[in-house]
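Biologist: Hi! Could you walk me through this one while I have it open?
Modeller: Happy to, let's bring it up.

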Amino acid sequence: MQLYHHPFSLDSQKVRLTLEEKGIDYTSYHMNPLTGKNMDAFFFRMNPSGKIPVLQNGSHIIYDTIEIIQYIQRIVETVSSGGNGTTLSSNVIEWMHKIQEWDSKYFTLCHIPVKYRLYVSKFLRRVIIARMAESPKLASDYHRKLKEAYDTDEKLKNVEVLGQNKDHLEKLLDEVEVELGETSYLAGEEFNLADVMLIPVLARLELLKLEDEYINSRPNLADYWAVVRQRPSYKKVIGRYFDGWRRRKRLLKTWCFICMRSLLRKY
């Protein structure tokens, strides 16, 4: 089983948390979206959207986050029950979809200083154009990705789009706060896949230094966050990359790579 992912990717974190919680062995391939690694032709042939994560198990390839997680769950349940896999509860599935409906991309990008965001955006557009020239048979897919990049830049200028995205997040966290007032975890008293979906969202808020506004202002959520971040899966998937000095080291390394490639015009 191979997983194409990156520590920066919110959806990648969700899948990796699932794999770690379920104890599934896999081969890890890093595809840094900030350096355009996910634009390489071999990856585009596998997944024309260029998005991560992607799970490959033999000839079976999945690139929808929830489908990947449910696929992993089916494997675990089938093995543990001797071929008679069970299904997730409707409440867990409902929470999984509810969390996944919030698009973290615009929220994350709008909290990055404009000059850095535009620099990276320009670099990635040049990467796409370079890959398009190298692989003309994939030109239509690359052109679609290029259009998506321009559309993203335009939406980041739209106050209404950003406001709706922020409101969506606040509404989601308010619902989580209510749920955690009744149960220890989302959708029950035991840690489950709904929690796996939520943890990366909270980690992203902390990475952006917004925990006081969005997490600590909600007592139940703050207590929950203090508990779940102690889990071994969190420390391996997220903590080891973004806690303390590691966060600065990883971001600085990526930034230096982008600057050097831009200077040398090697896309």
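Biologist: How many bridges join strand β1 to strand β3, and do they run parallel or antiparallel?
Modeller: This is a predicted model, to begin with. In it, β1 (residues 2-5) and β3 (residues 54-57) run antiparallel and are joined by three bridges. Leu3 has Leu55 of β3 as its bridge partner.

Biologist: Thanks! And what about β1 and β2, parallel or antiparallel?
Modeller: Those two are parallel, with four bridges between them. Tyr4 sits opposite Tyr29 of β2.

Biologist: What is the strand order in the sheet, then?
Modeller: The order is β2-β1-β3-β4, an open sheet of four strands with mixed pairing. From one strand to the next, the twist averages 15 degrees.

Biologist: Which helix packs on the sheet?
Modeller: That's α3, which touches β3 and β4. The direction of α3 makes about 35 degrees with that of β3.

Biologist: How many residues lie between β3 and β4 in their hairpin?
Modeller: Two, and Gly58 in that turn has a positive phi of about 70 degrees. The two strands pair in the antiparallel sense over three bridges, and His60 in β4 is the bridge partner of Asn57.

Biologist: Switching to the helices: at roughly what angle do α1 and α12 cross?
Modeller: Roughly 140 degrees, and their axes come within 7 Å. That makes α1 oblique to α12. The residues making the contact include Arg16, Leu17 and Glu20 of α1 and Lys236, Val237 and Tyr241 of α12.

Biologist: Now the largest nonpolar core. Which residues touch the most other members?
Modeller: Ile199, Leu202 and Tyr224 do, out of 56 residues in that core. Among the elements giving two or more residues to this core are α1, α8 (159-180), α11 (219-228) and α12. α9 gives the most, with ten residues.

Biologist: Which residues is Leu202 in contact with, neighbours within four places in sequence aside?
Modeller: Leu173, Ile215, Leu221, Tyr224 and Trp225.

Definitions and conventions
Residues numbered from 1 in each chain as written. Predicted model: local features only at pLDDT ≥ 70, side-chain atom pairs only at ≥ 80, totals over all residues. Heavy atoms only, no water. Axes fitted to C-alpha atoms, helices over the stretch in contact; angles between N-to-C directions. Parallel < 35°, antiparallel > 145°, perpendicular 65-115°, else oblique. Contact = heavy atoms within 4.5 Å. Pairing = 2+ DSSP bridges. Core = buried A, V, L, I, M, F, W, Y, C linked by side-chain atoms within 4.5 Å. Buried < 20%, exposed > 50% of the residue type's maximum accessible area, 1.4 Å probe, protein only.
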